[in-house]
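Subject: A structure for you to look at

Hi,

Here is the structure I promised to pass on.

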Amino acid sequence: MDELDRGILAHLAQDARQSVAVLARRLKVARSTVQARLERLETSGAIAGYTLRLGDAARENRIRATCLLTIEPRSQGAILTRLRSLPEVERVHTTSGRVDLLLQLAATSTSQLDDVLDQIGSLTGVRSSESLIHLSTKLDRAT
(Lines give C-alpha, C1' and ligand atoms only; values in the text may rest on other atoms or scores of the structure.)
Protein backbone atom coordinates (compact mmCIF):
# COMPACT_ATOMS: atom_id res chain seq x y z
CA MET A 1 0.00 0.00 0.00
CA ASP A 2 1.50 3.29 -1.06
CA GLU A 3 0.74 6.95 -0.37
CA LEU A 4 -1.99 7.12 -3.04
CA ASP A 5 -3.77 4.09 -1.55
CA ARG A 6 -3.60 5.67 1.91
CA GLY A 7 -4.95 8.93 0.46
CA ILE A 8 -7.88 7.13 -1.16
CA LEU A 9 -8.67 5.33 2.11
CA ALA A 10 -8.41 8.56 4.13
CA HIS A 11 -10.80 10.39 1.79
CA LEU A 12 -13.28 7.51 1.76
CA ALA A 13 -13.11 7.25 5.56
CA GLN A 14 -14.33 10.86 5.71
CA ASP A 15 -17.03 10.38 3.06
CA ALA A 16 -17.50 7.00 1.41
CA ARG A 17 -20.03 8.50 -1.02
CA GLN A 18 -17.39 10.46 -2.92
CA SER A 19 -17.37 9.68 -6.61
CA VAL A 20 -14.28 8.42 -8.41
CA ALA A 21 -14.13 11.75 -10.25
CA VAL A 22 -14.10 13.74 -7.00
CA LEU A 23 -11.44 11.46 -5.49
CA ALA A 24 -9.29 11.82 -8.61
CA ARG A 25 -9.59 15.61 -8.53
CA ARG A 26 -8.74 15.81 -4.81
CA LEU A 27 -5.79 13.42 -5.15
CA LYS A 28 -4.64 15.01 -8.44
CA VAL A 29 -4.57 11.75 -10.41
CA ALA A 30 -6.53 10.34 -13.35
CA ARG A 31 -9.99 8.84 -12.77
CA SER A 32 -8.83 5.55 -14.28
CA THR A 33 -5.98 5.42 -11.75
CA VAL A 34 -8.39 5.87 -8.82
CA GLN A 35 -10.80 3.28 -10.29
CA ALA A 36 -7.99 0.74 -10.71
CA ARG A 37 -6.72 1.40 -7.18
CA LEU A 38 -10.21 1.02 -5.71
CA GLU A 39 -10.68 -2.31 -7.46
CA ARG A 40 -7.31 -3.51 -6.16
CA LEU A 41 -8.06 -2.31 -2.62
CA GLU A 42 -11.42 -4.11 -2.70
CA THR A 43 -9.96 -7.32 -4.15
CA SER A 44 -7.11 -7.38 -1.62
CA GLY A 45 -9.52 -6.89 1.28
CA ALA A 46 -8.14 -3.48 2.29
CA ILE A 47 -11.65 -2.18 1.58
CA ALA A 48 -14.12 -4.69 2.99
CA GLY A 49 -17.20 -2.72 1.99
CA TYR A 50 -18.99 0.58 2.15
CA THR A 51 -21.41 1.22 4.95
CA LEU A 52 -23.61 3.75 6.64
CA ARG A 53 -22.68 5.15 10.03
CA LEU A 54 -25.70 6.28 12.01
CA GLY A 55 -25.63 9.74 13.52
CA ASP A 56 -26.82 10.73 16.98
CA ALA A 57 -30.34 11.52 15.73
CA ALA A 58 -30.80 7.97 14.41
CA ARG A 59 -29.33 6.44 17.57
CA GLU A 60 -31.39 8.47 20.06
CA ASN A 61 -33.76 5.65 20.93
CA ARG A 62 -31.09 2.99 21.25
CA ILE A 63 -29.43 1.88 24.46
CA ARG A 64 -25.91 0.68 23.84
CA ALA A 65 -23.92 -1.63 26.06
CA THR A 66 -20.74 -3.63 26.15
CA CYS A 67 -20.87 -7.18 27.45
CA LEU A 68 -17.70 -8.93 28.59
CA LEU A 69 -17.84 -12.73 28.42
CA THR A 70 -15.63 -15.39 29.93
CA ILE A 71 -16.29 -18.68 28.19
CA GLU A 72 -15.41 -22.35 28.54
CA PRO A 73 -12.47 -23.60 26.47
CA ARG A 74 -13.45 -24.79 22.98
CA SER A 75 -16.96 -23.30 23.24
CA GLN A 76 -16.28 -20.18 21.18
CA GLY A 77 -17.63 -21.56 17.88
CA ALA A 78 -20.97 -22.62 19.31
CA ILE A 79 -21.33 -19.38 21.27
CA LEU A 80 -20.57 -17.25 18.20
CA THR A 81 -23.20 -19.16 16.23
CA ARG A 82 -25.81 -18.40 18.88
CA LEU A 83 -24.73 -14.75 19.22
CA ARG A 84 -25.19 -14.24 15.46
CA SER A 85 -28.88 -15.08 15.88
CA LEU A 86 -29.42 -12.21 18.35
CA PRO A 87 -30.11 -8.98 16.42
CA GLU A 88 -29.12 -6.85 19.43
CA VAL A 89 -25.54 -8.13 19.14
CA GLU A 90 -23.84 -5.70 16.75
CA ARG A 91 -20.18 -6.71 17.12
CA VAL A 92 -18.16 -9.44 18.78
CA HIS A 93 -14.43 -9.11 19.42
CA THR A 94 -12.01 -11.64 20.86
CA THR A 95 -9.69 -10.20 23.51
CA SER A 96 -6.36 -10.98 25.10
CA GLY A 97 -7.29 -9.87 28.60
CA ARG A 98 -9.17 -11.39 31.49
CA VAL A 99 -12.28 -11.92 29.34
CA ASP A 100 -12.61 -13.93 26.14
CA LEU A 101 -15.21 -11.99 24.15
CA LEU A 102 -16.28 -8.36 24.06
CA LEU A 103 -19.77 -7.79 22.66
CA GLN A 104 -21.28 -4.52 21.50
CA LEU A 105 -25.04 -4.50 22.01
CA ALA A 106 -27.86 -2.14 21.04
CA ALA A 107 -31.45 -2.31 22.28
CA THR A 108 -34.50 -0.08 22.14
CA SER A 109 -35.28 -0.32 25.86
CA THR A 110 -33.76 -1.38 29.15
CA SER A 111 -36.12 -4.35 29.28
CA GLN A 112 -35.01 -5.52 25.84
CA LEU A 113 -31.37 -5.10 26.91
CA ASP A 114 -32.08 -7.02 30.12
CA ASP A 115 -33.67 -9.86 28.12
CA VAL A 116 -30.77 -10.15 25.70
CA LEU A 117 -28.23 -10.07 28.54
CA ASP A 118 -30.16 -12.91 30.22
CA GLN A 119 -30.11 -14.87 26.96
CA ILE A 120 -26.36 -14.33 26.54
CA GLY A 121 -25.62 -15.23 30.16
CA SER A 122 -27.56 -18.48 29.88
CA LEU A 123 -25.75 -19.71 26.76
CA THR A 124 -24.04 -23.06 27.24
CA GLY A 125 -20.33 -22.42 27.62
CA VAL A 126 -20.61 -18.93 29.15
CA ARG A 127 -18.82 -18.93 32.50
CA SER A 128 -19.49 -15.30 33.42
CA SER A 129 -20.62 -12.01 31.96
CA GLU A 130 -20.32 -8.38 32.90
CA SER A 131 -22.25 -5.59 31.21
CA LEU A 132 -21.52 -1.90 30.91
CA ILE A 133 -24.19 0.50 29.68
CA HIS A 134 -22.89 3.32 27.48
CA LEU A 135 -24.04 6.71 28.75
CA SER A 136 -22.53 9.24 26.33
CA THR A 137 -19.84 9.31 23.67
CA LYS A 138 -16.99 11.71 24.39
CA LEU A 139 -14.76 10.71 21.45
CA ASP A 140 -15.45 8.62 18.34
CA ARG A 141 -12.68 8.16 15.81
CA ALA A 142 -14.19 5.07 14.25
CA THR A 143 -14.43 5.22 10.48
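Predicted model: local features only at pLDDT ≥ 70, side-chain atom pairs only at ≥ 80, totals over all residues.

Residues are numbered from 1 along each chain as its sequence is written, and side-chain values use heavy atoms, with hydrogens and water left out.

**Two helices that cross**

Helices (H or I, at least four residues) and strands (E, at least two) are DSSP runs, numbered from the N terminus. Helix H1 (residues 3-14) packs against helix H3 (residues 31-44) at an angle of about 85°, and their axes are 11 Å apart. Here the axes are lines fitted to C-alpha atoms, for helices over the stretch in contact, and angles run from 0 to 180 degrees between N-to-C directions. H1 is therefore roughly perpendicular to H3; angles of 65 to 115 degrees count as such, under 35 as roughly parallel, over 145 as roughly antiparallel and the rest as oblique.

Which residues make the contact (heavy atoms within 4.5 Å)? H1 gives Leu 4, Asp 5, Ile 8, Leu 9 and Leu 12, and H3 gives Thr 33, Val 34, Arg 37, Leu 38, Arg 40 and Leu 41.

Tyr 50 lies in the loop between H3 and helix H4 (56-59). Leaving out residues up to four places away in sequence, Tyr 50 touches Leu 12, Ala 16, Leu 38 and Glu 42. Tyr 50 counts as partly exposed because its relative accessibility is 43%; buried means under 20% relative accessible area, exposed over 50%, and partly exposed in between (1.4 Å probe, protein chains only).

**The sheet**

Next comes an open sheet of four strands in the order E2-E3-E1-E4, with antiparallel pairing. Two strands pair if DSSP finds at least two bridges between them. Strand E2 (89-94) and strand E4 (126-133) are at the edges with a single partner strand each, so one side of each has no neighbour in the sheet. From one strand to the next, the twist averages 20°.

Strand E1 (residues 63-71) is joined to strand E3 (residues 101-107) by seven bridges. In this pair, Ile 63 is opposite Ala 107, and Thr 66 has Gln 104 as its bridge partner. E1 also pairs with E4 over seven bridges, in the antiparallel sense, and there Cys 67 is opposite Ser 131. Is E1 buried or exposed? E1 is mostly covered, with eight of its nine residues buried.

Helix H6 (residues 110-121) packs on this sheet and touches E1, E2, E3 and E4.

**The cores**

A nonpolar core is a set of buried Ala, Val, Leu, Ile, Met, Phe, Trp, Tyr and Cys residues joined through side-chain atoms within 4.5 Å. The largest one has 19 residues, and Leu 69, Leu 83, Leu 103, Leu 105 and Ile 120 have the most contacts inside it. E1, helix H5 (76-84), E3 and H6 each give two or more residues to this core. A second, separate core has 10 residues, among them Ile 8, Ala 24, Leu 38 and Leu 41.

Val 99 counts as buried because its relative accessibility is 9%. Apart from residues up to four places away in sequence, Val 99 touches Leu 68, Leu 69 and Thr 70.

Enjoy exploring!

How values were computed. Contact = heavy atoms within 4.5 Å.
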